[in-house]
Amino acid sequence: METPEGSRRRVMVRRHLAARGIRDQRVLSAMGLVPREEFVPADMAESAYDDGPLLIGWGQTISQPYIVALAVEALSIGRDDLVLDVGTGSGYAAAVMSQLASRVVSVERIPALAAAAARRLGRLGYDNVEVVCGDGSIGWPESAPYDAVCVSAAGPGVPSQLIDQLSEGGRLVMPTEGPTGQVLISGIRRRDEFERREIAAVRFVPLLGAGGYDPPAGWDGF
Ligand code: SAH
């Protein structure tokens, strides 16, 4: 028997993803498997499959399902790939990518969010995701190079450190500030070139840190 969440998830995949042009079957089935209701605060579980972002605490959000699917599809993640996820937040995007990749390293700058996401992912059995706490705007050099880098916070541009940590042929997706608002950029590293294109107009929280914007005054962390 299908659970109510399972049925909402199936509708989400059909109506919010497939009907809007997400074609990659591996991405659609990963989005159909990850229980999004586990990644939102308990009092918002009812809204887990709505077509929008939701607040997850500390002023941060879990992205709209369509935008997660669009970003993950653009990353063309293969089974043997190592993925860097910048901005763990709830851990939802990391969980989706863990279904497609060999391993995901996910960086979050807010210690409480990193700890909660690590606990949640462990409890749900996503054991190929490693959550680390730090400034992911400069990547995570310890595990580089990455086949795919997914950034879910918007910066003024793509930090050069993130491009440097891509393998040859590696893909990166990141929202950046453009002249008329934020755009989601998708790029691929070919030798010393980074070929980029714009895939959608978006709205993300800011990427704070050395490769992004300055943290608010009084912040004593990363
Ligand atoms: N992928 C997340 C969405 C998170 S929103 C999900 O599926 O739930 C963006 C996250 O990026 C926030 O949690 C924010 O704290 C984090 N963030 C912002 N700047 C960062 C940085 N320099 N390094 C790591 N995380 C950062």
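The structure shown is a predicted model. Its largest nonpolar core has 48 residues. Within this core, the residues with the most contacts are Leu-17, Met-31, Ile-77, Tyr-92 and Met-97. At least two residues of the core come from each of α1 (4-17), α2 (25-33), β1 (54-57), α3 (65-74), α4 (92-98), α5 (111-123) and β6 (146-151). The element that gives the most is α3, with eight residues. Another core lies apart from this one and has 20 residues, including Val-149, Leu-166, Leu-172 and Met-174.

Neighbours within four places in sequence aside, Ile-77 is in contact with Arg-26, Val-72, Val-83, Met-97, Leu-100, Ala-101, Ala-148 and Arg-171.

Next comes α3. This helix is mostly covered, with nine of its 10 residues buried. They are Pro-65, Tyr-66, Ile-67, Val-68, Ala-69, Leu-70, Ala-71, Val-72 and Ala-74. The partners against which these buried residues pack are the helices α1, α2 and α4 and the strands β7 (166-178), β8 (181-190) and β9 (193-201). Just after α3, the backbone at Ser-76 takes a positive phi of about 40 degrees.

The helix α2 has a buried side and a face turned away from it. Val-27, Leu-28, Ala-30 and Met-31 are buried in α2. These four lie on the same side of the helix because they cover an arc of only 160 degrees around its axis. The buried residues of α2 pack against α1, α3 and α4. On the face turned away from the buried side, Gln-25 and Leu-33 are exposed. At the start of α2, Asp-24 places a side-chain oxygen within 2.9 Å of the backbone nitrogen of Arg-26.

Two packed helices are described by the angle between their axes and the distance between the axes. For α1 and α2, the axes come within 8 Å and cross at roughly 145 degrees. The crossing in which α1 passes α2 is right-handed. From α1, the residues Arg-9, Met-12, Val-13 and Leu-17 take part, and they meet Leu-28, Met-31, Gly-32 and Leu-33 of α2. Two residues of this pairing, Leu-17 and Met-31, are also among those with the most contacts inside the largest nonpolar core.

How values were computed:
Residues are numbered from 1 along each chain as its sequence is written. This is a predicted model: local features need pLDDT of at least 70, side-chain atom pairs count only at pLDDT 80 or more; totals for chains, interfaces and linings use all residues. Side-chain values use heavy atoms; hydrogens and water are left out. A nonpolar core is a set of buried Ala, Val, Leu, Ile, Met, Phe, Trp, Tyr and Cys residues joined through side-chain atoms within 4.5 Å. Buried means under 20% relative accessible area, exposed over 50%, partly exposed in between (1.4 Å probe, protein chains only). Contact means heavy atoms within 4.5 Å. The arc is that of the directions from the helix axis to the C-beta atoms. A polar contact is a pair of N or O atoms within 3.5 Å; within protein, one must be able to donate a hydrogen and the other to accept it, and residues adjacent in sequence count only if both atoms are side-chain atoms. Axes are lines fitted to C-alpha atoms, for helices over the stretch in contact, and angles run from 0 to 180 degrees between N-to-C directions. A crossing is left-handed if the near helix is turned anticlockwise from the far one by less than a right angle, and right-handed if clockwise.
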